[in-house]
Amino acid sequence: MFELADSNASSINFLAIANALQSQGYAIIPHALPVDIETSLIKHAVQLSEKQMKQAAIGRNQNETTNKFVRQDKIVWIKEGSAAEKAWLAQMSLLREQLNRQLFLGLFSYESHFACYPEGAFYKKHLDAFKGQANRILSTVYYLNPNWQPEDGGELVIYDPADNNKILTQVSPQAGTMVVFLSEEFPHEVLAAKRTRYSIAGWFRLNTSVKGQIDPPK
Ligand code: OGA
Ligand code: MN
């Protein structure tokens, strides 16, 4: 497995992410973003009120359908609202351009949301995209929990695409850690968190526009 070095103060370590994706299909990057961006995103997530965080829906086109047996996080989609959100989207746009340059992925858009897992919440094993739909290509998760301890649970578990009962790795949702993985390949789950757990989940997508109409991300 690749051990990625911390990024420098100003930007994501793009090359390390591209190399890890190419060789193993996923990348785990501690301290992925400049610390001022990390800090403002933590503040923003914590300030989002319960009302704004709506119960996450499972799948698309199911109009607010929720299934508490599968996932229990609450989400708020990110728009160019606050300075923190703008900085986040700018970083992810740079990442998209660099990955396209280095891996010829043709990533077109990026959608992301804040997620809050209240105490006890989990997200059962799932895939973020289904083969053949060529829609969500790369998944990203960025964690916003300072001083997360092993006893706080809430780990991201990534399973082997060839044997979805075999654990490849487990990631602590420590503030500043980013995980990037191929959406169609890796089953993953979030273990029950024993304290409130904040993150940003996001997806790079291909351009699936038809007849000159841009396919909206959500
Ligand atoms: C998701 C997801 C992982 C995490 O939102 O689809 O898998 O660690 N999140 O929060
Ligand atoms: Mn997922």
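Student: Which element gives the largest share of the shell around ligand 1?

Tutor: This is a predicted model, in which local features need pLDDT of at least 70, side-chain atom pairs count only at pLDDT 80 or more, and totals for chains, interfaces and linings use all residues; side-chain values use heavy atoms, without hydrogens and water. Strands are DSSP runs of E with at least two residues, helices are runs of H or I with at least four, and both are numbered from the N terminus. Strand 5 (123-126), strand 6, strand 10 (188-190) and strand 11 each supply at least two residues of the shell around ligand 1. The largest share, 4 residues, comes from strand 11.

Student: Of the 13 residues around ligand 1, which come nearest?

Tutor: Residues are numbered from 1 along each chain as its sequence is written, while chains are lettered from A and ligands numbered from 1 in the order in which they are written. A residue is near a molecule if one of its heavy atoms lies within 4 Å of it. Of the 13 residues around ligand 1, the nearest are His126, Asp128, Tyr143, His188 and Arg197.

Student: How many residues of the shell around ligand 1 are nonpolar?

Tutor: Ala, Val, Leu, Ile, Met, Phe, Trp, Tyr, Cys and Pro count as nonpolar, Asp, Glu, Lys and Arg as charged, and the others, Gly among them, as polar. By this division the shell around ligand 1 holds 2 charged and 3 polar residues, and the number of nonpolar ones is 8.

Student: What percentage of the accessible area of ligand 1 does the protein cover?

Tutor: Polar contacts are pairs of N or O atoms within 3.5 Å; within protein, one atom must be able to donate a hydrogen and the other to accept it, and residues adjacent in sequence count only if both atoms are side-chain atoms. Oxygen atoms of ligand 1 lie 3.3 Å from a polar side-chain atom of Asp128, 2.9 Å from a side-chain N or O atom of His188 and 2.8 Å from one of Arg197. Accessible areas come from the Shrake-Rupley method with a 1.4 Å probe, and for residues only the protein chains shown count as cover. Of the 290 Å² that ligand 1 has on its own, the protein covers 98%.

Student: Why is strand 6 largely enclosed by the rest of the structure?

Tutor: Buried means under 20% relative accessible area, exposed over 50% and partly exposed in between, with a 1.4 Å probe and protein chains only. Strand 6 is largely enclosed because its buried residues number 8 of the 8.

Student: Which residue in strand 11 stands opposite Tyr143?

Tutor: Two strands pair if DSSP finds at least two bridges between them. Strand 6 (136-143) runs antiparallel to strand 11 (residues 197-205), with 7 bridges joining them. Strand 6 also pairs with strand 9 in the antiparallel sense over 5 bridges, with Leu138 opposite Leu182. In strand 11, the residue facing Tyr143 is Ser199.

Student: What covers the buried residues of helix 1?

Tutor: Helix 1 spans residues 14-24, and its buried residues are Phe14, Ala16, Ile17, Ala18, Ala20 and Leu21. Just after helix 1, Gly25 takes a positive phi of about 85°. Contact means heavy atoms within 4.5 Å. The cover over the buried residues of helix 1 includes strand 1 (26-29), helix 3 (83-103), strand 6 and strand 9 (178-182).

Student: Is Phe104 buried or exposed?

Tutor: Most residues other than glycine have a negative phi. Phe104, however, has a positive phi of about 55° and is found in the loop between helix 3 and strand 4 (109-117). With a relative accessible area of 73%, Phe104 is exposed.

Student: What is the relative accessible area of Asn147?

Tutor: Asn147 also has a positive phi, of about 55°, although it is not a glycine. The loop between strand 6 and strand 7 (156-160) holds Asn147. Asn147 is exposed, and its relative accessible area is 60%.

Student: Which side chain does a polar contact of 2.7 Å join to that of Asn135?

Tutor: Asn135 lies in the loop between strand 5 and strand 6 and counts as buried at 17% relative accessibility. Leaving out residues up to four places away in sequence, Asn135 touches Phe204, Arg205 and Leu206. The polar contact of 2.7 Å joins the side chain of Asn135 to that of Arg205.
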